[in-house]
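Student: I would be grateful for a close look at one part of this structure. Please take me through it step by step.

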Amino acid sequence: MSLLVVGSIAFDAVKTPFGERERMLGGSAVHFSLAASFFGDVRVAGPVGEDFGEDELGVLHERGVNTDDIERVAGGKTFFWRGRYEFDLNTAHTEDTQLGVFGDFEPKLSPESRQAETLFLANIQPDLQREVREQCDGARLAGLDSMNLWIETARDSLVRTIGGVDIAFMNDAEIRQLTEEPNLVQAARAVMSMGPRVVVAKQGEYGASLFTADGFFSLPAYPLETVRDPTGAGDSFAGGFLGYLASEGPEAAGDPGVLRRAMTYGSVLASYNVEDFGTERVRALSRDEIEGRFAEFRSMTSLDTIPAG
Ligand code: AMP
């Protein structure tokens, strides 16, 4: 499989009711690529500044992620995000966003990256997402994530970008905000009418729902007793989902059973992500732990395990 992700590569400052970190490796593309790396080869593309060091690259290399398309900009500063969460961990409150090297980033992908079969446009300015989509004209399956900031400041561009992908992953509140449609089913249909054939609504601690033209599937989140930091959960979800899908071949996205398993792998990776700060849990994860939690999801959600009454 060949899977490329483009999105933010960042330093994050995060405060939750359970602790804080002043500067840790983060970014949508980082969380995505670590999660997807359990399923096959992943390439990550995007700019970083001079402050991005070998330690940060090492986290990606340890998981086998190809970083050849990470561009280090001389004199530049890496994207920085500061956020905080109240006791409702579903809502991140952004306190600061410094685009740094993303401010004048012009994607120039290597031939290897342009040939990726599967592409994920992780959260970043939608004009950049579209430029990348256009460069990867051979990609047979493309997904995208976005956020309220871009709905509010670059809506038209975001709608055009959504028109060029097969799968849209967004928070339920953002799907409603984008479509100005309060009913989630109708809002998902409205996103599908923009282009994608699959819409995944992420619902934080309540799980995720998948909409296609003729189907619906929903999973709860894994019932964790310890949640320390939800940052990156959405990207880890998308990484587990698309990583698995890419490993099955891009055309498998039309198979309802494969899509359900992809939803489950997404939920598994997201659940591990939130157990600790930033990338700390996912970078130490094993495939056995992933399969173990996948099996728990199977028994937790199956009516077949109820004894006939
Ligand atoms: P999520 O999966 O939604 O929790 O995404 C968390 C990641 O998104 C953090 O690691 C941030 O670095 C990154 N992020 C926050 N704001 C932005 C933004 N405006 N553009 C791109 N990435 C962002």
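Student: Which of the 19 residues around the ligand come nearest?

Tutor: Ser8, Asp12, Gly27, Gly232 and Asp235 come nearest among the 19 residues around the ligand, where a residue counts as near if one of its heavy atoms lies within 4 Å. This is a predicted model, in which local features need pLDDT of at least 70 and side-chain atom pairs pLDDT 80 or more, while totals for chains, interfaces and linings use all residues. Residues are numbered from 1 along each chain as its sequence is written, and side-chain values use heavy atoms, with hydrogens and water left out.

The shell around the ligand draws at least two residues from each of strand E2 (10-16), strand E6 (79-85), helix H5 (148-153) and helix H9 (233-248). H9 gives the largest share of the shell, three residues. Sorted by class, the shell holds nine nonpolar, eight polar and two charged residues. Here Ala, Val, Leu, Ile, Met, Phe, Trp, Tyr, Cys and Pro are nonpolar, Asp, Glu, Lys and Arg are charged, and the others, Gly among them, are polar.

A polar backbone atom of Gly27, one of the nearest residues, is 2.8 Å from an oxygen atom of the ligand. At Gly234, a backbone N or O atom lies 3.2 Å from an oxygen atom of the ligand. For Asn123, a polar backbone atom is 3.5 Å from a nitrogen atom of the ligand. Taken alone, the ligand exposes 510 Å², and the protein buries 88% of that; these areas come from the Shrake-Rupley method with a 1.4 Å probe.

Thr279 sits in the loop between helix H10 (256-273) and helix H11 (287-301). With a relative accessible area of 3%, Thr279 is buried (under 20%, using a 1.4 Å probe and protein chains only). Leaving aside neighbours within four places in sequence, Thr279 is in contact with Leu25, Val30, His31, Leu34 and Val59, contact being heavy atoms within 4.5 Å.

Terms used
Helices (H or I, at least four residues) and strands (E, at least two) are DSSP runs, numbered from the N terminus. Buried means under 20% relative accessible area, exposed over 50%, partly exposed in between (1.4 Å probe, protein chains only). A polar contact is a pair of N or O atoms within 3.5 Å; within protein, one must be able to donate a hydrogen and the other to accept it, and residues adjacent in sequence count only if both atoms are side-chain atoms.
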